[in-house]
Amino acid sequence: MQASEPHLQRRARLAAQLGPGGIAIVPTAPERTRNRDSDYLFRADSYFLYLTGFTEPNACLVITDDGRSTLFCQPKDLEREIWDGIRLGPQAAPAALGVDEAWPIDELDQRLPRLLENRGTVWYPFATHPGLEGRIDGWLQKVRARVRFGALCPESQRDLCSLLDEMRLVKDGHEIAIMKRAAQISAQAHIRAMQRSARMIRAGEEVREYHLDAELLHEFRQHGSQYPAYSSIVAAGANACVLHYRADTAPVRDGELVLIDAGCELDGYASDITRTFPAGGRFSGPQRALYDLVLASQEAAVAATRPGARFNDPHEATVKVLAQGMLDLGLLNKDNVGTLDDVIANRAYFRFYMHRTGHWLGLDVHDCGSYVEPTELGRASERRDPLSGELIKDRPSRILRPGMVTTIEPGIYVRPAEDVPEMYWNIGIRIEDDAVVTEDGCELITRGVPVLADEIEHLMQG
């Protein structure tokens, strides 16, 4: 398969959905200034990347309903290429990317009105590119100025995300192969961080969260990943109870747990793994009890992740196991919260488990795609949230299909409180794997790093 073939196929699929006279406009992301004359490392817009595989900034793709694609990109410029690197350029783009034609990006305002002329519907991603709507209005004004010459102006504008989100939700073989490789790299990074933590503690060396973060970054780049998929969470001790904590300077102490939530991005695709491990290599009794509970809840969620099931099913399976465990271990007092059914109905578990069990994964770490089944949008019911009092409209959650990729990431986070046994204070645990829905269940592509407590302890002796 040629490198551009998956992108050719995606553009053809999209063109077929634009309708008679449809035209789609897909810009890439802008470069962003970090400070003064230094930019953040550029990362292409995910929709644009999905359709082109092109990673240069300052570009825009146009697709029409007849399948024709036009790329606007940076022109060749010897002086800028000396500073910023070699550009593909419009002349080489058709052969390299399989587009029908390419033009310099500075001709976009000149050429777009003619491309829009006599079209029926303009498709573009709504509310994702500040200023894009205004530019489109300007182009359409130029089309209207030609109506006395027989030009027709598009009569409608539609959100391109509605089409691309559905396409991106089910991954093809090319995408899954990349995601599996990203998962392998990330799994090895977690192993490396675990083992360094135990080695440094055994050697009597001071360990900080940033030491373990450095191991992750080294392994990502060592194996060809372009960047971390998101800011890595390396949380030692009580910091693990902060859901979006960032790797910082806190000490990593023997006897405490470390929670690492980190994954690399490879060729645009994210991986997302969380592991929680004893800093020195051995779980204490209370740590082990909570860890085994979270793992049991993940196993229940994995069993519920299969074609034909609903997206919410793994979360509901997780909550049932966690809630029962909270009652059994004394985190929740039966006299105060009632039965298991009461705990679930009143969301009494929420103080220890306050996030969902999974999210879509792909070009974005929280990938696009509706969590509501599109064939059942009309079925809705209302309920009052028992904690916030907010009125919530429930719709049937998504039916899982082969090729969808989701995370499975239950957790438990115990902050100090008078009604909570002290032996559990400041313990935060999350276990997360990436799951590809298959024909008969799901495949966990991140199990290159172990999850069983005994296996983690054995690994950390190495």
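Guide: Helices (H or I, at least four residues) and strands (E, at least two) are DSSP runs, numbered from the N terminus. The model is predicted: local features need pLDDT of at least 70, side-chain atom pairs need 80 or more, and totals for chains, interfaces and linings use all residues. Numbering starts from 1 along each chain as its sequence is written, and side-chain values use heavy atoms, leaving out hydrogens and water.

Start with helix α4, which covers residues 89–97. Its buried residues (under 20% relative accessible area; exposed is over 50%, partly exposed in between; 1.4 Å probe, protein chains only) are G89, P90, A93 and L97. Look down the axis of α4: these buried residues fall within an arc of 110° (taken from the directions from the axis to the C-beta atoms), so they line one face of the helix. Now turn to the face of α4 pointing away from that buried side. Here you find the exposed residues Q91 and A95.

What covers the buried residues of α4? Contact (heavy atoms within 4.5 Å) comes from elements including two helices, α1 (5–15) and α2 (46–52). Strands β5 (69–73) and β6 (101–104) are also among the cover. Just past the end of α4 comes G98, with a positive phi of about 75°.

That leads to the backbone elsewhere. Most residues other than glycine have a negative phi. R36 is not a glycine, yet its phi is positive, about 45°. R36 sits in the loop that joins β2 (33–35) to β3 (38–39). With 80% relative accessibility, R36 counts as exposed. A127 is another non-glycine residue with a positive phi, near 55°. Its loop runs between β7 (121–124) and α6 (132–144). A127 has 74% relative accessibility, so A127 counts as exposed.

Next come the charged pairs. A salt bridge is a side-chain nitrogen of Lys or Arg within 4 Å of a carboxyl oxygen of Asp or Glu. Searching the whole structure finds 33 of them.

R80 is partly exposed, at 33% relative accessibility. D84 is exposed, at 55%.

R114 counts as exposed, at 54%.

Finish with D367 and R168. Their side chains meet in a salt bridge of 2.8 Å, N to O. D367 lies in the loop between α13 (340–345) and β15 (381–384), while R168 lies in helix α7 (residues 161–169), so the pair ties together parts that are 199 residues apart in sequence. Both D367 and R168 are buried. The pair also belongs to a network: salt bridges with shared partners join R168, K171, D364 and D367.
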